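Biologist: Please take a close look at one part of this model for me. I would like the charged pairs examined, with their surroundings.

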Amino acid sequence: SGESRPHETEPPEEPRPEERGGGPTAVPPRRPRADEERPGRRRNRRIPWRAVPAWSLFAAGLGLYWLPLRHVHLDHMNGYGLISVLPVATLAGGGLLVVAFMYTLWLRRPYRALLVLQLVAIVISLHGLAPALEAYARPPTAWQHNGFVEYIGRTGTADYTLDARFSWPGFFALTAFLTRAAGIRDLEPLLHWAPVINQLLYLAPMYLILRVMRANWRAQWLAAWLFVAADWVGQDYFSPQGFGYLLYLVFVGILLNWFRPEVRPSAWMARTGRLRTLLRGPMASGERPPSKTPVGERTVLLVLLVVLFAVATASHQLTPFLMTFVCAALVLVRRSTARGLPVLCAVIVASWVSFMTTAYWAGHVGDLFSGAGDLLSNLTGGVAGRMSKGSESLATVQTGRILIAGSVMALAALGALRRRLRRIDDRVVLVLLAVPFLAAGLQNYGGEIALRVYLFVIPGGCILAAYLFFPTTFAATRRTAAVCAAGLCGLLIAGGFLFVRFGNENFEQVRPGDVRAFDAMLRATPDSIINVVWQADPQDDAGYFPMMPWGAREMEHFDYTAVRAPANPADVTGIIQALQDRPSGYFVTTRGNEAYNHYNYGLPASYADRMRAALAASPRLRPVYMNGDAAVYALRQPPAGTSPPPARAATFGFRHTTWTPIGLFTIPLLIVLLVAREIVRMRLRPGEKWRLQPLTGWSVFLVVVLAVVILERFIALGT
């Protein structure tokens, strides 16, 4: 087989003295064992017999995991979600997949083809479980994003009055362009398998990050596996945040591979080197030496970084801030040569927020900066606020999510400590682990900031967690105990993933009747605003968005109003009153929204059926569309008057102020100037820094001008 070729054999890398915790004294080379690979030694056998058990376990695990899923009935789910209907054989198959991967790590050399197959299989098995079982794409928000894409593709513009997310239309516009160019009209297959596609795409930039780390092959493969298994957050569906996360990983991967300086002792360390060696010993870099890259290639890559950042800025609210923070932190810890890039990123994101998102913040700047600077409160509030008070089972699932996140952080902390004790300086990974917490100081992000912080922590956390089991940079010979410990943690994390990732499936799945119900309303009222009334939190008049695929297409036709769920499900007077107040009004209830009200707000399990019976018995209501998944009702005698037609696409404007033209002139000039300065700086020879002075002076002047314009816009438009 291809894995038995001599030139693919990787002999164990000899540890440096500092990696063994000692001082600068040379350590004699370790003599390879008889059963280890030696450089240049040709192997006579062609069949990798040692890998046969791994292949067998892998095949058996796949069969046990997938074949029993044919008999799963999603209607039998309870409050624990998808795991409550999974066959025991499927759970056993998942365990075998974990064991097969860990056994492959136990082997003396990496079987790369097998490891890649196992990594792809764990992505499909974990993240593709719900898409494989459910008829329609999930969650409901993905269908709303489909509506954004459909609207831009149909009208050619983004209506900023329809939804604040149209202020960041990059992802939707790019998808609309690509699908239209490819002649794709139905995006449901893309929506359906987006979690699997995104997770597979994430592995490519994760490879770029891992190849920089100075670690043995077992730690690298385990980190990649943990990166897949620990991501229960569920932001990989068809969404700007899933796309932005991919851009973030690619951005970091390029920075670490092609913009990292050679690690050299500072002047202070040179003066005190002997004292440090005597007291603590030298520190070895946790990253491999950077490769020599021609200036021309780095110039192209710098432009690519700027383009990636610009696309991320136009697509998502939070991602560009994380990219800026990581870029600046790498410069501060002397692991990035792109010293001017953080300033350029800050200029781009500040300009976009000030000029392109005016419809979002104009008139309520206080909401935009609510919670800014209160890092601890935003984090704890995001965790406590998402704990269900209506269902013990859902609260258990949410507690499991906290435990998995806490476990990953604990493993990462122990891994960092173990590497530190071996005198390895992992400052890059520590930056990837710590910097995302700064996002919690920006805003509470609707109570979801804790989820987003954990999502961006995963790459660095999983690398450090892998270091806990395999801390050395050479192939350790005492590997059995480490692999067993890693396997136990892997079983717990993979099992926890199945428990917590799809714990909301009762209300996050989209049933076929849900989509048909909204199509029925469009057919019945094609030329006016459709006022959708739905039932929400009994303690909150406003509620949240309905758990249904609202706005999947022609989203400008729909307007939404929540009514408080009464204590008596037979009382439909509130629903009737809401319909009377809104011409062209429909009351919609779906199994997903009913499950959401039950598990999150504590409504009785029989509440939905009793409410539907009362709706059917009411003489003032008529059914518009009925199926097992959704029900749509309207008044038999609607109020006088008609709902107005949907508004046309709003013409985009910057909301001019006195100094707005100055800002519009300054932004492109400043961006070009900063890019030019960074390109010139990369090409400078020693002693030529004076050539940067004109570019630096003009850049500082334009930054001050832009800051004044942005401040003036916030003062003039924010009140």
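Modeller: Arg154 and Glu150 both belong to helix α5, which spans residues 140-155. They sit four residues apart, about one turn of the helix. The two form a salt bridge, with the closest N and O atoms 2.7 Å apart. This is a predicted model, and every value here is computed from it. Arg154 has 40% relative accessibility, so it counts as partly exposed. Glu150 is also classed as partly exposed, at 24%.

Next comes a pair with a buried member. Arg165 forms a salt bridge with Asp163, and their closest N and O atoms are 3.0 Å apart. Asp163 counts as buried because its relative accessibility is 12%, and the cut-off for buried is under 20%. Arg165 has a relative accessible area of 21%, so it is partly exposed.

Now a link between two helices. The side chains of Asp609 and Arg591 meet in a salt bridge at 3.3 Å, N to O. Asp609 lies in helix α26 (residues 607-617) and Arg591 in helix α25 (residues 591-601), so the pair ties together parts 18 residues apart in sequence. Asp609 is partly exposed, with a relative accessible area of 48%. Arg591 is partly exposed too, at 29%.

Some charged residues share partners. Glu287, Arg335, Asp425 and Arg427 are joined into one network by such salt bridges. The count for the model comes to 18 salt bridges. Why can such pairs form? Side chains of opposite charge can pair when their charged atoms come close.

Strands complete the surroundings. Strand β5 covers residues 585-590. β5 pairs with β7 in the antiparallel sense, over four bridges. Within that pairing, Thr589 has Ala631 of β7 as its bridge partner. On strand β6 (residues 621-626), the pairing with β7 is again antiparallel, over five bridges. Tyr625 stands opposite Val632 in β7. β6 and β7 make a hairpin, with three residues between them.

β7 itself runs over residues 630-635, and six of its six residues are buried, so the strand is largely enclosed by the rest of the structure. Its side chains point two ways. Ala630, Val632 and Ala634 point one way, while Ala631, Tyr633 and Leu635 point the other way. All of these are buried.

Note on methods: Residues are numbered from 1 along each chain as its sequence is written. This is a predicted model: local features need pLDDT of at least 70, side-chain atom pairs count only at pLDDT 80 or more; totals for chains, interfaces and linings use all residues. Side-chain values use heavy atoms; hydrogens and water are left out. A salt bridge is a side-chain nitrogen of Lys or Arg within 4 Å of a carboxyl oxygen of Asp or Glu. Buried means under 20% relative accessible area, exposed over 50%, partly exposed in between (1.4 Å probe, protein chains only). Two strands pair if DSSP finds at least two bridges between them.
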